[in-house]
Every structure is written in C-alpha cells, then in structure tokens.
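Work through each task, then compare your steps with the solution.

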Amino acid sequence: MPFVTLSQAVAGGLFRNIRFVATDMDGTLTWRGKFTPNLLQALENLAAAGIPVLIVTGRSAGWVSGLSSLMPVAGAIAENGGLFYRAGCDVPVALTLIPDLAEHRHRLAQVFNSLKVRFPRIQESVDNRFRITDWTFDVAGLTPADLQQIAELCRQMGWGFTYSSVQCHIKPLEQDKAAAVLQVLQNDFPQYLPAQVVTVGDSPNDASLFDGAIFPHSVGVANVLEYVAELTYLPAYITAGVEAEGFCELAHFLLSN
C-alpha cells in the first residue's frame, strides 16, 4: 500500500496540534547504533520549544535507568512497557504488576528453555541479567517463519512475544508500548491527549504505537519499510530519512509548525 510521507502530512496541516512525542530508541533515535550530535540537538530543541519527548524502548531496566538523567527527555519507558523512569529519577515506576519477582524470572527462564529445545541456536542476550519484566534473546539468525513460530509457542504457554531489529522479547501478555504510553500520559502528563501525541518507531515491537485507534498520528522512520509484512499495524506516515535522520526530520517539522 502507498504510504503518506511525513512531508505530505505536514503540508496538509495534520501536525498542527502535536504537543508530545513518544518514540522508540534503537533504529529510531540512533544512527548505526549510536546517538548523533544532530539527534541530541533535535532533542534539545524540542525540549526548549516545550514539546516533551518520552523514550519508549525495549532496552533493559538496568540500561534505561540512567537514560532519563543523561538526555533532554521527559522520561523513558523500559522493557517494551514494563517500567517507567521519570526524568532525573533512577527509581522506576512499575507499569506491569509483578507480585513475586523471583517467581516471575523463574517462569520466564522456563519459557526460554522450552524455546531453546525447539531452536537450539538462540542465545540469551547479554543484558538479560539486568531485566525485570521480560526475557530477551538475540534475533540474529532467526527467519520470519521462526519468529512467527516462536510467537505462537509463547502464546500457547501464556506469554506475549515481540522483537526488534536487535532482540526478541518474552513478556507478559498485556505488556506493550502503547498501553504503557497511555498509562504514563494519564498519570504523569494528563494535559496531553492521545490526539496530541505523535508516536515514532521502526520495527515490530513498535507496532502497538502505530495503532491508529489509539494514536492517530504515528510515524515510521524509513527503515520501518523493511518490516511492513510483519507489522500488526502500520504507521500513518513515513519519513524520507532512515533511523535518527528520520527522527530529526520529524523534529524539524514539529519545530517549524
């Protein structure tokens, strides 16, 4: 299907009421795995213009804990919706209720070990030890058919599954990025409605952010086109640039409106 480009959407006045940005990180704010000076400047400019940016990433709690203190953002959601770190605070707010953490981690390990019987090549991610709500393993070497089968196996065992360009995530069924953003908006930023939010992403674990019934304004940086056949929902608009260049393109349009 043909996509509406971001420039077309802006020209049509569709971004006039955007007041808040909720964005994925890896492959969206990064360029070849790193933050660029242009990206950091774009975040500074958005903050100065009074447009809060909320990072919504699959990265671990241990990794994200310092992110909201080091970058000019309003906060960061970790583990695809499991935890929220307010700006300047390294103590997370739980977005997924886990009554017994030790039991939760044990059950996640059991699911991973069951998958490993069927897919002996999968390897636990190096950051998994720093995680709380989900369990990760590397996506490298897995085909789309493998990923679809793994998702079904997780579902049969009562767990959710998603993946990005970097990792696969075994997670609680109800845990996803869109639900987490809605919860954070309600509790911490009640002055912003979903219609005033633009969501941004690049891969399958961002799919819920592209659900137009929740967020009518969603943007995929151009590299999202690699995953069109695997996305449950498609972004409303596509940038011309890939990765961080695409996000900077969005920031430029928001600041020019």
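**Exercise 1. Find how much accessible surface the chain has and what share belongs to carbon and sulfur atoms.**

Step 1: The accessible surface, from the Shrake-Rupley method with a 1.4 Å probe, comes to about 11,500 Å². Step 2: Carbon and sulfur atoms hold 55% of that surface. Step 3: Of the 257 residues, 53% count as buried, meaning under 20% relative accessible area.

A note on the source: this is a predicted model, where local features need pLDDT of at least 70, side-chain atom pairs count only at pLDDT 80 or more, and totals for chains, interfaces and linings use all residues. Residues are numbered from 1 along each chain as its sequence is written, and side-chain values use heavy atoms, leaving out hydrogens and water.

**Exercise 2. Work out how Phe 137 and Phe 161 are arranged.**

Step 1: A search of the whole structure gives seven aromatic pairs, that is, rings of Phe, Tyr and Trp (its six-membered ring) with centres within 6.5 Å. Step 2: In one of them, Phe 137 and Phe 161 lie 6.3 Å apart centre to centre, with 25° between the planes. Step 3: That makes the pair stacked (planes under 30 degrees apart; over 60 is edge-to-face and the rest tilted). Step 4: Phe 137 sits in strand S7 (residues 135–138) and Phe 161 in strand S8 (residues 160–163), so the pair links parts 24 residues apart in sequence; strands here are DSSP runs (E) of at least two residues.

**Exercise 3. Are Phe 137 and Phe 161 buried or exposed?**

Step 1: Phe 137 has 0% relative accessibility, so Phe 137 is buried. Step 2: Phe 161, at 15%, is buried too.

Note on methods
Buried < 20%, exposed > 50% of the residue type's maximum accessible area, 1.4 Å probe, protein only. Helix = DSSP H or I, 4+ residues; strand = E, 2+ residues; numbered from the N terminus.
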